[in-house]
Amino acid sequence: RQDHMHSDNLKGQNMLIAVLDNGYRGVNEYTPFQHLWENDRIIATKDFVQNSGNVFQFGEHGTSVLSIMAAKYQNDSTYFYGIANEASYILCITEEGGSEDRIEEYNWLLGAEFADSLGADVINSSLGYKTFDIEEHDYTIEDLDGKTAISSLAASMAALKGMVVVVSAGNSGNSSNQDRRLINHPSDANNIITVGSVRVDFSRSDFSSIGATADGRTKPDVAAFGDATAVSYTHLRAHETRHDL
């Protein structure tokens, strides 16, 4: 748990974490992230979707994900500390918020290569791919073998390069379609850590996708609190998570 880790002074010191997401609106402006700038712990940023040169726009899903790791905020009545708020970060946009297409998996691959080139210790990605705007591009359950999807191949290669790759299992666990309840890519990749979501009573969150992989590997590997989790949005208030975090 976070409080136990922090009491043991485990706060991500000397770790470089690459985050692959849809945007980081407000991270360059708002109080919970100010300490990252003051201590030069935003090492690099890269927009692989539009090559805009500005990752602090577009989506805010990445802002919320980053806040769970990196935020540090306190006032007279409350505090909000991310679990690895003394780590350094690489912020990559690989996800196009307005569409779902295979190109995003190639963006994910490019983000992983960028992270590797900068010596990242960890890749964190709360993204997943299964169905696309072009139906012919959809993956089947047989494809959940860790060796088919572009993003899964990229995640496995990143792990072989020595990075710890942490990805979300997916948010389809309450789908009425049994096949759709299964994990997304790249969470079927080999040698990575796939994370599911549990409630405060340690039961599985309804939305959290389930395993196993097509070749019989148990997934997710671990689970963490992903239901009613506090995150920072761009207006600086802590809220309960939506099911896409």
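**Ground rules.** I am working on a predicted model, where local features need pLDDT of at least 70, side-chain atom pairs count only at pLDDT 80 or more, and totals for chains, interfaces and linings use all residues. Residues are numbered from 1 along each chain as its sequence is written, and side-chain values use heavy atoms, with hydrogens and water left out.

**T229, continued.** I have T229 down as buried, with a relative accessible area of 16%. My cut-offs are under 20% relative accessible area for buried, over 50% for exposed and partly exposed in between (1.4 Å probe, protein chains only). The side chain of T229 reaches the backbone oxygen of F225 at 3.1 Å. That is a polar contact, meaning a pair of N or O atoms within 3.5 Å; within protein, one must be able to donate a hydrogen and the other to accept it, and residues adjacent in sequence count only if both atoms are side-chain atoms.

**Aromatic pairs.** How many aromatic pairs does a search of the whole structure find? I get 5. Rings of Phe, Tyr and Trp (its six-membered ring) pair if their centres lie within 6.5 Å; planes under 30 degrees apart are stacked, over 60 edge-to-face, and the rest tilted. One of the pairs is F48 with F114: the centres are 5.9 Å apart and the planes stand at 75°, so I file it as edge-to-face. This pair links distant parts of the chain, 66 residues apart: F48 is in the loop between strand 2 (42-47) and helix 3 (61-70), and F114 is in helix 4 (residues 103-117). F48 is buried at a relative accessible area of 13%. Another entry is F132 with Y139, edge-to-face because the planes are at 70°, with centres 5.7 Å apart. Both partners are under cover: F132 is buried at 8% relative accessibility, and Y139 is buried at 6%.

I also checked F48 for a charge, and K46 lies over the face of its ring, 6.0 Å from the ring centre. The rule here is NZ of Lys or CZ of Arg within 6 Å of the ring centre and within 35 degrees of the ring normal.

**Helix 3.** Is helix 3 mostly covered or mostly open? Mostly covered, I find, with 9 of its 10 residues buried. Among the buried ones are H61, T63, V65, L66 and M69.

**Salt bridges.** I count 5 salt bridges, each a side-chain nitrogen of Lys or Arg within 4 Å of a carboxyl oxygen of Asp or Glu. E60 pairs with R25, the closest N and O atoms being 3.8 Å apart. E60 is in the loop between strand 2 and helix 3 and R25 in the loop between strand 1 and helix 2 (34-38), so this bridge ties together parts 35 residues apart in sequence. R25 is partly exposed at 35% relative accessibility.

E105 bridges to R102, with the closest N and O atoms 3.8 Å apart. I noted E105 as buried, with a relative accessible area of 0%, whereas R102 is partly exposed at 24%.

For D206 and R199 the closest N and O atoms are 2.6 Å apart. D206 is partly exposed at 45% relative accessibility, and R199 is partly exposed at 26%.

Most residues other than glycine have a negative phi, and most peptide bonds are trans.

I then went through positive phi values. N9 has phi near 60°, lies in the loop between helix 1 (2-7) and strand 1 (16-21), and is partly exposed at 45% relative accessibility. F202 has phi near 75° in the loop between strand 8 and strand 9, and is exposed at 62% relative accessibility.

Notes: Helices (H or I, at least four residues) and strands (E, at least two) are DSSP runs, numbered from the N terminus.
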